[in-house]
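Subject: Structure for your review

Dear colleague,

Please find the structure below, together with the sequence. My findings follow directly after it.

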4 protein chains.
Amino acid sequence: MFFASDNCGPAHPAVMQAVSDANTGYHPSYGDDAVMAEVRSLIRNQFEAPEAAVYLVATGTAANALALSVLAQPWQTIFCTPLSHIQRDECHAPEFFTGGAKLSLVGEADKMTPDQLAAGIEDWVYGDVHVSQRGPVALTQVTEMGHVYSLNELNALTSLAKTYRLPVYLDGARFSNAIAALGCTPAEMTWRAGIDALSFGGTKNGCMGVEAVIFFDPKHAWEFELRRKRAAHLFSKHRYLSAQMLGYLKDNLWRETAAHANAAAARLTAGLREVPGATLLNDPQANMIFATLPRAVHQRLHDAGAVYGLHGTLKGDDPQEAISMRLVCDWSITDELIDRFIDIAKV
Amino acid sequence: MFFASDNCGPAHPAVMQAVSDANTGYHPSYGDDAVMAEVRSLIRNQFEAPEAAVYLVATGTAANALALSVLAQPWQTIFCTPLSHIQRDECHAPEFFTGGAKLSLVGEADKMTPDQLAAGIEDWVYGDVHVSQRGPVALTQVTEMGHVYSLNELNALTSLAKTYRLPVYLDGARFSNAIAALGCTPAEMTWRAGIDALSFGGTKNGCMGVEAVIFFDPKHAWEFELRRKRAAHLFSKHRYLSAQMLGYLKDNLWRETAAHANAAAARLTAGLREVPGATLLNDPQANMIFATLPRAVHQRLHDAGAVYGLHGTLKGDDPQEAISMRLVCDWSITDELIDRFIDIAKV
Amino acid sequence: MFFASDNCGPAHPAVMQAVSDANTGYHPSYGDDAVMAEVRSLIRNQFEAPEAAVYLVATGTAANALALSVLAQPWQTIFCTPLSHIQRDECHAPEFFTGGAKLSLVGEADKMTPDQLAAGIEDWVYGDVHVSQRGPVALTQVTEMGHVYSLNELNALTSLAKTYRLPVYLDGARFSNAIAALGCTPAEMTWRAGIDALSFGGTKNGCMGVEAVIFFDPKHAWEFELRRKRAAHLFSKHRYLSAQMLGYLKDNLWRETAAHANAAAARLTAGLREVPGATLLNDPQANMIFATLPRAVHQRLHDAGAVYGLHGTLKGDDPQEAISMRLVCDWSITDELIDRFIDIAKV
Amino acid sequence: MFFASDNCGPAHPAVMQAVSDANTGYHPSYGDDAVMAEVRSLIRNQFEAPEAAVYLVATGTAANALALSVLAQPWQTIFCTPLSHIQRDECHAPEFFTGGAKLSLVGEADKMTPDQLAAGIEDWVYGDVHVSQRGPVALTQVTEMGHVYSLNELNALTSLAKTYRLPVYLDGARFSNAIAALGCTPAEMTWRAGIDALSFGGTKNGCMGVEAVIFFDPKHAWEFELRRKRAAHLFSKHRYLSAQMLGYLKDNLWRETAAHANAAAARLTAGLREVPGATLLNDPQANMIFATLPRAVHQRLHDAGAVYGLHGTLKGDDPQEAISMRLVCDWSITDELIDRFIDIAKV
């Protein structure tokens, strides 16, 4: 019963098989491997973007920080929400990679609205040498609170950004879960919705550690390559990144694992709704649930070996006190585990 | 017949098995996995350094640049040779990670002598705010030209550095090949020889992509952890780095593969000495050979499918013109391939 | 009738005389001039801080960014208000000089309270490698909205910072106006109130361009000197910075000019209170006034040649619409100009 | 008898007068002062460059580092001589401002030849992501050893740079002395000779502290303005920079003071040639002399109060040992002082 994070589960057997398949003979290094050529082609096809520049890195933070460093000058500000991963969870990687760009916080939570974005942009006067210069808008899909922007919401935000001539980046660490939730195509959720660049996450959804960075305008390609090498994120034995991504893309594995994770979260959500004293804090649209349970229920789950994000302490006098938690389902969660979790919670 | 680089070969089956073994169930993320605890313990044992801070990253450039950024202030200079990897092959990663440290080039080639190092240090006046401040000495073992510092040579350089109170870093991308060449212990080649920090390379010697960074003084631990995360080199599913290193360390695999690679290079060297027109450019002590062959011999090898680093062009009128090359043997090279290479060269 | 900024007025004749006096013969360069020794001694005396490290730079942004870069690591966050100069007016100089530190915004305006500061600090979990590490607290005195922290307020904030072991920096671009407002000693408003480092501004109060940076703990001295030179803020003909500061310090000129500026603002405030339709937006404690006037009054002042910060447009249909403005008095403003301004406003 | 540096002398009375003249009334801040408009116009006229972007900063290091940061990407290398100010005397300001660019050292001394430059450029393979990318060429005129590139020499170097599409920057801290030495126009020594950007130094030749940065292609203007502000080098009371430069430009003061300094150095050189035991180490073309004198002569000069750069120690047994020195003449040196110096040396 492990719901702590989709960073803690195993890699999918098909991904491991692809890695194993690539482990023969000699391959050109530093991204010139034939597997990467295949990956590039597959991603361009799946995104209907034959010109896209496609690269692989091993961590989501690298994908975000490198991509943003291409889009943002050091004196520009990146518009993001106060709960975004780049603001809360990357130990200043965006500031480091951009050479000192500022993150301007838009809205109050994990999603921003066009009005909030407009206010954030207008907060920095255009053309004033003293202030932050307006830079890229960074969205996250699925958000850090498990929400999914609709295509209409994305379009409204990117349209606004375009009126200010600002590029839009999408942190797609859970891109696949969003696709599964919306039932749309990758193109619809990205360039057709005004996204200029994105990360396409593999790590959280069945890989060991690989994220694609995609720029729909290939003019950014060479600068990205230089920045990737300079940041020590160009792998010499690059085939092992390529192979993971190949296994992830082939036979639409990435869609299948994401659909499974979302379904697992839906089952878990449905179960939680029947747990006495449980309260949902978000409307789980993908694979993340934020909820509260009474302390006594947490204690019971804890004693049974359940592991998940607890935002509070089990110690306390009041067994009925509501304590919040985060539950994340990855591709490997089974119905049995979910049902067992709910059963223990309900007792 | 692939001798281009030890970055192009496959991973060792035992390493892949360890990765496969780790691919079950849930593991704490970001380096808190139990496999990492085992790796840390093994490395401390092998280096006879029970207090050492031990970390894993995925690339050699990350290991070098992160470690040096802990040892060097932005206004300090790093003393290294003009052929060092950090100077020639890392696209300014050291400058980026340190925030602008300068590399001062010592000597003329891949090894430095104490006299050259002293001259390099003295070139920057102590305590003058206008100039580069003296910083760490960075050595490479095995060097980029396939040479190995003897323990005496290492001790002489580190003793000199100590008189200036400068820390010494060792780029150990091919650390294992040096150990195999010298027949000494890791402790003898590192802290007993005055090395303060090093990278212990796995990638070139049988892993997919993993390097350990070792600080013998654990006071550097927390800063390194922050820098690693900030540079996006902290893996969420860290177990896959740990598992590679575990497979590499267990049963002394790393010594065995390095010994094999060195022996292969020795066999290749011996063969080359009998090729008419061949000239050795270095005295191959580990797994790298620099030599020249007549153009016609290169052409013959090329036609037979041999791949290696050619520093010149096959095109040209004079079939006897000497053209230089780099040959690298990794753990997976077989005697048959070596003999076939020599046979073709000799014909 | 020029109230736009204390950056637009002339330098005081006594400052110019000191510069002229220093313009004879040869002086050691780069801060080794005898005038600087005198300045250092005077500042140490005035601050009752015989060990303080004292330096001069030419701009307030340099003083802030250099001092903060000594106090903050790149992975730390600086706690400041959303209206602080370092956040709003320095085009990322703090981010640049610190190598990527983040500014965490505390409170909603130009002053922070201990509760707000505590919330800001607690927002970043201690010891979590993923998040911003807690760094210095940066206060401004006089604030950007013309307010002055009382000694009690300062002590409460610095006491809180000390419980978290965080250093406290004071942006003293208008330090002298605050001293004039509070009637306390420099020591009382700085190290006795828990301030670790500060800028002591000269530019806005009668100099051409000079700010002192003062660290009460001299351990920061050498790093500051290196950072100052590296940032190109070490003047070769340093005597011209020293001389300005000498003229500013001698005979307590700095107190006299600040007292004059504050008195001018008080006179202007009193006058505004009698202008029909005028509304004070702040409680002017030093030399800055934020207020609104009806559009028609602005137009009248504008036509008469008054210059000041207008936060809106003169164009508009409603002559009674309240439009806000900033008025700043420097040392050179005369009562005649103030009275004329009020007379025109009142008509 | 002060020949230590042109950084130690006073400012010219005409410069001081211009500053005094500007010290009246209110001026727009941050470079919008009317004096700056006049300065910009004068420089464009003198350089016959009506489109040039012209800015002022207070230090030579700021001029160099800011200009180079506009011309060089962080992953590019700047080609300069091993004795250049940016390499030896700026405490990594170029590395800091560029975000980690590398300085590649060309030649062995203070001047580079086209062959040496070509070798330096070719040393970094074009288009290889692992290595330094080729960036701007940085020349110094007058060089740090007192030499002057002829127009032919400049043209040969810039022509070579152009074949590689590399921009050329000129460190003109002693630009005026070079103009005086060559007797050419500013345009001839800059854009007509292939220079893309330069610093035009005022500090060493009669100002308190001001250098112009000139880009002949105005496309760099806005980026420079942002970088200048971000680096805290935009003066609020900018008029005091403008006024210095105005005084320096008016009536060709800058040519007159430079001609005087060069003439003084020529007189001093002629005198030295007659001092027994003296040896000239350079061929003084501008205002700097490198020479040796016997220890006993140094001692005599020292006892008489002469101050200059001594590269060795007065202590020693051999009174005839040759000890080298640097002598610099600024605009304020008088013939009397020179003659006295020579007289004492000759005795």
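In chain B, helices H3(B) and H10(B) cross in a right-handed sense. The model is a predicted one, and everything that follows should be read on that basis. Helix H3 of chain B covers residues 60–71 and helix H10 of chain B covers residues 221–230; the two pack at an angle of about 135°, with their axes 10 Å apart. Because of that angle, H3(B) is oblique to H10(B). On the side of H3(B), the residues that meet H10(B) are B:Leu66, B:Ala67, B:Ser69 and B:Val70. Their counterparts in H10(B) are B:Glu223, B:Phe224, B:Arg227 and B:Arg228. By class, the residues of this contact comprise four nonpolar, one polar and three charged.

Chain D holds a helix pair with these numbers too. The axes of helix H3 (residues 60–71) and helix H10 (residues 221–230) of chain D come within 10 Å and cross at roughly 135°. H3(D) is therefore oblique to H10(D). The crossing of H3(D) and H10(D) is right-handed. Here D:Leu66, D:Ala67, D:Ser69 and D:Val70 from H3(D) meet D:Glu223, D:Phe224, D:Arg227 and D:Arg228 from H10(D). The contact of H3(D) with H10(D) divides into four nonpolar, one polar and three charged residues.

A further helix pair in chain D concerns H11 and H12. At what angle do the axes of helix H11 and helix H12 of chain D cross? The crossing is at roughly 70°, and the axes of helix H11 (residues 239–249) and helix H12 (residues 253–273) come within 5 Å. Angles of 65 to 115 degrees count as roughly perpendicular, and H11(D) is therefore roughly perpendicular to H12(D). H11(D) contributes D:Gly247, D:Tyr248 and D:Leu249 to the contact, while H12(D) contributes D:Leu253, D:Trp254 and D:Thr257. The residues of the contact of H11(D) with H12(D) are four nonpolar and two polar, with no charged residue.

Turning to domains, chain A is divided into domain 1, spanning 13–251, and domain 2, spanning 254–346. The C-alpha centres of these two domains of chain A lie 29 Å apart. Domain 1 of chain A brings 24 residues to the contact, and domain 2 of chain A brings 18 residues.

The remaining findings concern the relations between chains. In general, two copies of a chain are related by a rotation about an axis and a shift along it.

Yours sincerely

Terms used. Residues numbered from 1 in each chain as written. Chains lettered and ligands numbered in written order. Predicted model: local features only at pLDDT ≥ 70, side-chain atom pairs only at ≥ 80, totals over all residues. Heavy atoms only, no water. Axes fitted to C-alpha atoms, helices over the stretch in contact; angles between N-to-C directions. Helix = DSSP H or I, 4+ residues; strand = E, 2+ residues; numbered from the N terminus. Parallel < 35°, antiparallel > 145°, perpendicular 65-115°, else oblique. Left-handed = near helix turned anticlockwise from the far one by under 90°. Contact = heavy atoms within 4.5 Å. Nonpolar A, V, L, I, M, F, W, Y, C, P; charged D, E, K, R; others polar. Domains from an automatic or database assignment.
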